[in-house]
Amino acid sequence: MLKIGVLEDEAEQAQRLMDYLQRYQMEHSGVTFTVELYDRAISLLDSYQPNFDILFLDIRLPDMLGMEVARRIRKTDENVMIIFVTSLSQYAVEGYSVRAFDYILKPVAYGSFSSKLTRALRILSYDREETTVLVKTREQTVRLAADAILYVEVSNHDLVIHTGDQLLKQWGSLSKLEEQLKDAHFERCNSCYLVNLKYVRGIQGNQLLVGEDSLTISKSRRKEFLNALAQYKGGSR
């Protein structure tokens with residue numbers, strides 16, 4: 001089931017969006033979703049968990065601009081589809097900076113709302129094939145696309161997830177994470193490293209070049225890893 005969030009401080013506008021969502025669900029029997037409504041930016045941000053599929057964000061709010069809300073959300077959630085609801089079309093250009101999916105002009109007409117929601121749901125149906133994982137650090141929970149991960153290492157009973165531009169650390173089992181990533185071309189090169197085969201640049205002796213790093217390939221896993229890498233590079237995985 002999909003999860004949709006609506007951030008709108010004007011009661012009339014909020015009710016219109018809620019009515020449109022209910023109408024859309026009645027007209028499309030195969031679509032089911034839950035909706036959470038917020039009238040203040042801080043209420044959404046304080047309780048935000050990266051498990052929304054779509055967010056409808058009002059641009060002009062009494063406590064914070066919707067654009068700033070989107071920027072903060074993007075720090076922990078790269079995948080949620082953001083649709084701005086605004087009376088000013090000039091914000092559409094700025095929306096690219098937070099990778100907004102689209103925008104709807106007020107007063108919102110059902111035809112426009114319906115067509116944009118249909119397009120968003122169609123794209124989501126494709127994106128659901130992509131593996132994502134929830135990374136729970138001590139400070140926050142981040143939803144991360146598997147394709148953004150270069151490799152994962154075990155360090156002092158923690159999992160350190162390398163994405164190229166940041167390191168995310170969480171407590172957990174490498175075996176459990178490996179199971180979550182089993183359909184996303186990840187393989188172990190030794191007991192401490194789980195590697196995204198997409199980012200393997202080469203092999204030098206017993207060293208595996210991943211991104212800018214060099215990881216050790218253990219003797220016990222070398223054959224299995226090289227076979228998996230050959231199959232992936234050959235396009236059969």
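Modeller: Let us begin with angles, which run from 0 to 180 degrees between N-to-C directions, along axes fitted to C-alpha atoms. Please keep in mind throughout that this is a predicted model.

Biologist: What does that definition tell us about how α1 runs relative to β2?

Modeller: Helix α1 lies across β1, β2, β3 and β4, and its angle to β2 is about 180°.

Biologist: Why are β2 and β5 said to stand at the edges of their sheet?

Modeller: The sheet is open, with 5 strands in the order β2-β1-β3-β4-β5 and parallel pairing. β2 (33–38) and β5 (102–105) have a single partner strand each, so one side of each is left without a neighbour in the sheet. Between neighbouring strands here the average turn is 20°, with direction ignored.

Biologist: How do you know that β3 and β4 pair?

Modeller: Pairing requires at least two bridges, and β3 and β4, which run parallel, are joined by 5; therefore they count as paired. Within β4, Ile82 is the bridge partner of Leu55.

Biologist: Why is the pair of Tyr48 and Phe52 called stacked?

Modeller: Ring centres must lie within 6.5 Å, and planes under 30 degrees apart count as stacked; the centres of Tyr48 and Phe52 are 5.5 Å apart and their planes are at 20°, so the pair is stacked. Both Tyr48 and Phe52 are buried.

Biologist: What makes the pair of Tyr151 and Tyr193 edge-to-face?

Modeller: The planes of Tyr151 and Tyr193 are at 70°, with 5.9 Å centre to centre, and an angle over 60 degrees counts as edge-to-face. The pair links distant parts of the chain, with Tyr151 in strand β8 and Tyr193 in strand β12 (residues 193–196), 42 residues apart.

Biologist: Why does Tyr193 count as buried?

Modeller: Buried means under 20% relative accessible area, and Tyr193 has 19% relative accessibility, so Tyr193 counts as buried. Tyr151, with a relative accessible area of 3%, is buried too.

Biologist: How do you know that Lys3 sits over the ring of Phe52?

Modeller: The distance limit is 6 Å from the ring centre, with a further limit of 35 degrees from the ring normal; Lys3 lies over the face of Phe52 at 4.5 Å from the ring centre.

Biologist: Which residues touch the most other members of the largest nonpolar core?

Modeller: That core has 23 residues, and Leu21, Ile54, Phe56, Phe113, Leu117 and Leu121 touch the most other members. The largest share, 6 residues, comes from α5. Leaving aside neighbours within four places in sequence, the contacts of Phe56 include Ile4, Leu21, Ile83, Phe113 and Leu117. Ring pairs also link Phe56 with Tyr20, Tyr110 and Phe113 into a cluster.

Key. Residues numbered from 1 in each chain as written. Predicted model: local features only at pLDDT ≥ 70, side-chain atom pairs only at ≥ 80, totals over all residues. Heavy atoms only, no water. Core = buried A, V, L, I, M, F, W, Y, C linked by side-chain atoms within 4.5 Å. Buried < 20%, exposed > 50% of the residue type's maximum accessible area, 1.4 Å probe, protein only. Helix = DSSP H or I, 4+ residues; strand = E, 2+ residues; numbered from the N terminus. Contact = heavy atoms within 4.5 Å. Phe/Tyr/Trp six-rings, centres within 6.5 Å; stacked < 30°, edge-to-face > 60°.
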